[in-house]
Amino acid sequence: MLIRRPADIPASRITPREVFERRRAFLRRGVGMLAAATWGGAARGRHAADTRPLAPLAASPLSTDEAPTALDRILSYNNFYEFGAGKGDPSLYAHALPIRPWSVVVDGLVARPRRFDIDDLLALAPLEERIYRLRCVEAWSMVVPWVGYPLAALLRQVEPLGSARYVVFESYYDPAVVHPHFFGFLEFPYIEGLRLDEALHPLTLLTLGLYGETLPRQNGAPVRLVVPWKYGYKSAKSVVRIRLVEEQPLTSWPRADHRNYGFYANVNPALEHPHWDQRRERRIGEFLKRPTQMFNGYADQVAAMYSGMDLQRAF
Ligand SMILES: Nc1nc2c(c(=O)[nH]1)N[C@H]1C(S)=C(S)[C@@H](COP(=O)(O)O)O[C@H]1N2
Ligand SMILES: [Mo]
């Protein structure tokens, strides 16, 4: 079948928002399958697309009004070390990730431990589209229209006990499936963690999609975390277990290199990093760097959680 674009508009002239709106219009007109195979397929390049539309989505007042990064960049410039250390590796190799069936165990210091099937998770709370900045410690950033709902909605279901103070996130790991090349720096499974108040903060998103569809594998299908005021490494992908615990967990990056990666990982331009300048960032798709904002621009909402803490030490 020969498939044409709607008009001969050079791709360089199309803003991500226009592409997004046009894809949505396609989906609404009931040719979702076709749209996914054409626009999605073209944008994803070598990635085997098998996402599906998510609806209905409420727009979130917590969204930034900045323009989202183009979908093809979000799909092809990734950190997902289980599938390689190069930015292009996840889009090439993450197709091996088996995303169905999938379930997430939520246990530890909770009154009602439970295993959630991915379909339960998709139906647990109203899905919102939230356009958030993602700032990587490597000094690049993106703006992504995520789809999800507050992690708090999930945690409420299991009733955290009074003794629970931290939340641990464990990513999928099967040595037979992940990472076709040797990468000896991180130990797997990838482990992340938040303080319970951070995990319950309304900005902390249990994320099931982006750009109006279920998550592509390279972005952490079928369910990941997004914590927009922290460096990207806090946003664990392809989560299989969420555990509530009493002690601050030893997470993957500080375990590998505690001088360069802290537990808190709050975006902080005043912090000196030995490898990357945290004062500025390059928005993917832009040429000039821009100043990095404290807490990635979310200071009004989150700074109070850290009052009285020395953010140079608790970094
Ligand atoms: N399981 C797992 N989750 C992960 C990572 C990883 O290597 N493995 N990389 C993190 C880092 S460093 C970043 S910047 C973001 C990147 O998310 P994106 O590829 O969807 O932009 O995912 C985070 N989550
Ligand atoms: Mo990152």
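Is Ala299 buried, exposed or partly exposed? I began my notes with this residue, bearing in mind that the model is predicted. I found Ala299 to be partly exposed, with a relative accessible area of 26%, a value that falls between the 20% under which a residue counts as buried and the 50% over which it counts as exposed. Ala299 belongs to helix 9, which covers residues 299-302.

**Ligand 1**

I turned next to the surroundings of ligand 1, where I counted 15 residues, the closest being Tyr81, Glu82, Arg224, Ser235 and Lys237. Sorted by class, this shell holds six nonpolar, six polar and three charged residues. I then went through the polar contacts one by one. For Tyr81 the contact is made by the backbone, a polar atom of which is 2.8 Å from an oxygen atom of the ligand. For Glu82 it is the side chain that takes part, with a polar atom 2.8 Å from a nitrogen atom of ligand 1. For Ser235 I noted a backbone N or O atom at 2.8 Å from a nitrogen atom of ligand 1. Ligand 1 exposes 530 Å² when taken alone, and the protein buries 99% of that area.

I traced an open sheet of five strands, in the order 3-2-11-6-7, and recorded its pairing as mixed. Strand 3 (114-117) and strand 7 (191-195) are at the edges and have a single partner strand each, so one side of each is left without a neighbour in the sheet. On average, neighbouring strands of this sheet are turned by 20° against each other, direction ignored.

Is Arg195 buried or exposed? With a relative accessibility of 14%, Arg195 counts as buried, because the limit for that class is under 20%. I also checked what its side chain meets, and a polar atom of the Arg195 side chain lies 2.8 Å from the backbone oxygen of Met305.

How many residues of strand 4 are buried? I found eight of the eight residues of this strand (residues 128-135) to be buried, so strand 4 is largely enclosed by the rest of the structure. Glu128, Arg130, Tyr132 and Leu134 point one way from the strand, whereas Glu129, Ile131, Arg133 and Arg135 point the other way, and all of them are buried.

I then looked up which strands pair with strand 4. Strand 1 (residues 58-59) runs parallel to strand 4 and is paired with it over two bridges, and here I saw Ala59 standing opposite Glu129. Strand 5 (residues 140-150) pairs with strand 4 in the antiparallel sense, over eight bridges, and Leu134 has Met142 of strand 5 as its bridge partner. Strand 4 and strand 5 together form a hairpin with four residues between them, and in that turn I noted Ala139, which has a positive phi of about 75°.

Conventions
Residues are numbered from 1 along each chain as its sequence is written. Chains are lettered from A and ligands numbered from 1 in the order in which they are written. This is a predicted model: local features need pLDDT of at least 70, side-chain atom pairs count only at pLDDT 80 or more; totals for chains, interfaces and linings use all residues. Side-chain values use heavy atoms; hydrogens and water are left out. A residue is near a molecule or strand if one of its heavy atoms lies within 4 Å of it. A polar contact is a pair of N or O atoms within 3.5 Å; within protein, one must be able to donate a hydrogen and the other to accept it, and residues adjacent in sequence count only if both atoms are side-chain atoms. Accessible areas come from the Shrake-Rupley method with a 1.4 Å probe; for residues, only the protein chains shown count as cover. Ala, Val, Leu, Ile, Met, Phe, Trp, Tyr, Cys and Pro count as nonpolar, Asp, Glu, Lys and Arg as charged, and the others, Gly among them, as polar. Two strands pair if DSSP finds at least two bridges between them. Axes are lines fitted to C-alpha atoms, for helices over the stretch in contact, and angles run from 0 to 180 degrees between N-to-C directions. Buried means under 20% relative accessible area, exposed over 50%, partly exposed in between (1.4 Å probe, protein chains only).
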